Amino acid sequence: MSSTPTTRRSFLARGAVLASVPAIATLAGGVLAEPASADDTLPDYAPIPPSALGPAVNAQGYFVGRVEKNLYWVTDGTYQAAFLTTKDGVVLFDAPPTIGDNLQRAIDEIASANGVSNKVTHIVYSHHHADHLGASSLFGRDVIRVGQIETKRLLARDNDPTRPLPDVTFETHHTLRVGGERIDLAWLGTNHTPDNSYIHFPDHGTLMLVDIVLPGWVPYNSFNLNEDVPGSIAAPAKAMAYPWKHFIGGHMGRLGNRRDIAVYQQYVNDLIDGVKKALVAVDPTPFFAKYGNNAWAGVKTYQDAQVNYAAAPVIKKYTGILAAADVYTASTAFVILESIRLDLGIGSQIHP
Ligand SMILES: [Zn+2]
């Protein structure tokens with residue numbers, strides 16, 4: 001891989017998923033050199049199934065396409081935003097910094113092709129995370145920002161000038177009407193974050209729910225860094241309860257459908273089953289016998305064995321079905337293991 005600015009930019013766009021990664025930030029700053037012998041030291045992974053990939057991005061690094069009628073989506077291959085053109089202006093849904101100025105370029109492209117306004121009048125926030133909102137400030141102060149009440153509280157806490165606070169907030173439900181269009185916003189409990197919201201387009205057969213299901217791909221590292229694991233496991237069923245055909249997951253390069261949600265639910269259920277089996281099947285004795293009073297070494301190697309027991313058959317089953325099953329399934333299995341232990345209490349034993 002050459003280290004031209006273009007390569008670095010596209011690497012940044014592809015690499016900075018769901019959360020800030022310090023190494024990526026350093027790379028973006030141009031401080032890190034290309035590893036001298038990357039090919040010798042980096043692991044190999046299974047090929048990505050073609051079904052995981054979306055349309056190619058253009059020379060400027062984005063793809064914009066129609067979801068249904070006047071609802072469009074934009075991607076850089078890793079992140080997604082959406083926008084609705086209306087007779088009174090454009091409503092934008094999320095503003096990922098990796099797409100950045102390409103958001104307005106994509107809107108300009110569609111607006112000029114259809115002879116409608118390209119002026120963003122509203123930005124709806126899915127949740128407070130910077131990797132989905134960090135380009136919000138590009139649209140200036142004269143925009144109405146809409147978000148859940150906890151999104152406002154968390155953004156006030158984080159005090160990041162790239163993410164202006166919502167002007168309009170809601171607690172559980174809010175119907176946003178702009179230029180004759182209708183968007184139903186709902187907060188149905190904590191999941192990925194305490195504030196993550198369901199964005200339903202009842203007249204466009206579409207649901208947007210970010211950082212839960214990444215169509216075609218396994219979850220990002222450690223189960224998408226979901227803060228509430230039981231809430232995140234429950235979220236896809238809440239998504240399925242809405243009527244929709246098209247799913248905007250906030251990642252990766254393509255839209256989703258109802259089958260993508262079902263596959264994801266099966267993947268998570270398979271991991272839960274595997275973890276429950278591992279809690280019974282893996283004998284802790286050899287690990288604690290070997291490490292003696294180094295309790296953490298015993299715990300770590302015991303849990304590594306449990307994770308491997310749970311993850312190995314799932315990796316095998318989903319390789320070729322979900323992209324990167326061999327990359328991130330183990331870290332997700334660990335998070336689910338801890339949730340089953342700590343949230344559900346399974347595997348806890350009371351000292352006699
Ligand atoms: Zn997030």
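Student: Among contacts in the protein chain between residues at least 6 apart in sequence, what share joins residues at least 24 apart?
Tutor: The model is predicted: local features need pLDDT of at least 70, side-chain atom pairs count only at pLDDT 80 or more, and totals for chains, interfaces and linings use all residues. Residues are numbered from 1 along each chain, as its sequence is written. Two residues are in contact if their C-beta atoms, placed from the backbone, lie within 7 Å. Of the contacts between residues at least 6 apart, the share that joins residues at least 24 apart is 64%.

Student: How many helices and strands are in the protein chain?
Tutor: Both are DSSP runs, numbered from the N terminus: helices are H or I over at least four residues, strands are E over at least two. The chain has twelve helices and twelve strands.

Student: What percentage of the 352 residues is buried?
Tutor: A residue is buried if 20 or more other C-beta atoms, placed from the backbone, lie within 10 Å of its own, exposed if 12 or fewer, and partly exposed in between. In this chain of 352 residues, the buried part is 40%.

Student: In β3, which residue is the bridge partner of Val 74?
Tutor: Strand β2 (residues 71-75) pairs with β3 in the antiparallel sense, over five bridges. There, Val 74 has as its bridge partner Ala 81.

Student: In β4, what is the bridge partner of Phe 83?
Tutor: Strand β3 covers residues 80-86 and pairs with β4 over five antiparallel bridges. A hairpin of two residues joins β3 to β4. The partner of Phe 83 in β4 is Leu 92.

Student: How many residues of β4 are buried?
Tutor: Strand β4 spans residues 89-93 and is mostly covered. Its buried count is five of five.

Student: Which strands stand at the edges of the five-strand sheet?
Tutor: This open sheet has the order β8-β9-β10-β11-β12, with mixed pairing. Each edge strand has a single partner strand, so one side of each lacks a neighbour in the sheet; the edges are β8 (173-178) and β12 (246-248).

Student: Which residue in β11 stands opposite Ile 199?
Tutor: Strand β10 (residues 198-201) and strand β11 (residues 206-208) form three antiparallel bridges. Opposite Ile 199 stands Met 208.

Student: Are α8 and α9 roughly parallel or antiparallel?
Tutor: The axes of α8 (residues 229-240) and α9 (residues 258-281) come within 10 Å and cross at roughly 155°. Angles under 35 degrees count as roughly parallel, over 145 as roughly antiparallel, 65 to 115 as roughly perpendicular and the rest as oblique. The two helices are therefore roughly antiparallel.

Student: Which residue joins His 251 in a cis peptide bond?
Tutor: Most peptide bonds are trans. This cis bond has an omega of about -20°.

Student: Is Asn 159 buried or exposed?
Tutor: Asn 159 lies in the loop between α6 and β7. Its phi is positive, about 50°, although Asn 159 is not a glycine. It has 8 other C-beta atoms within 10 Å, so Asn 159 is exposed.

Student: Is Ala 324 buried or exposed?
Tutor: Ala 324 lies in the loop between α11 (295-318) and α12 (325-342). Its phi is also positive, near 70°. With 21 other C-beta atoms within 10 Å, Ala 324 is buried.

Technical notes
Two strands pair if DSSP finds at least two bridges between them. Axes are lines fitted to C-alpha atoms, for helices over the stretch in contact, and angles run from 0 to 180 degrees between N-to-C directions.
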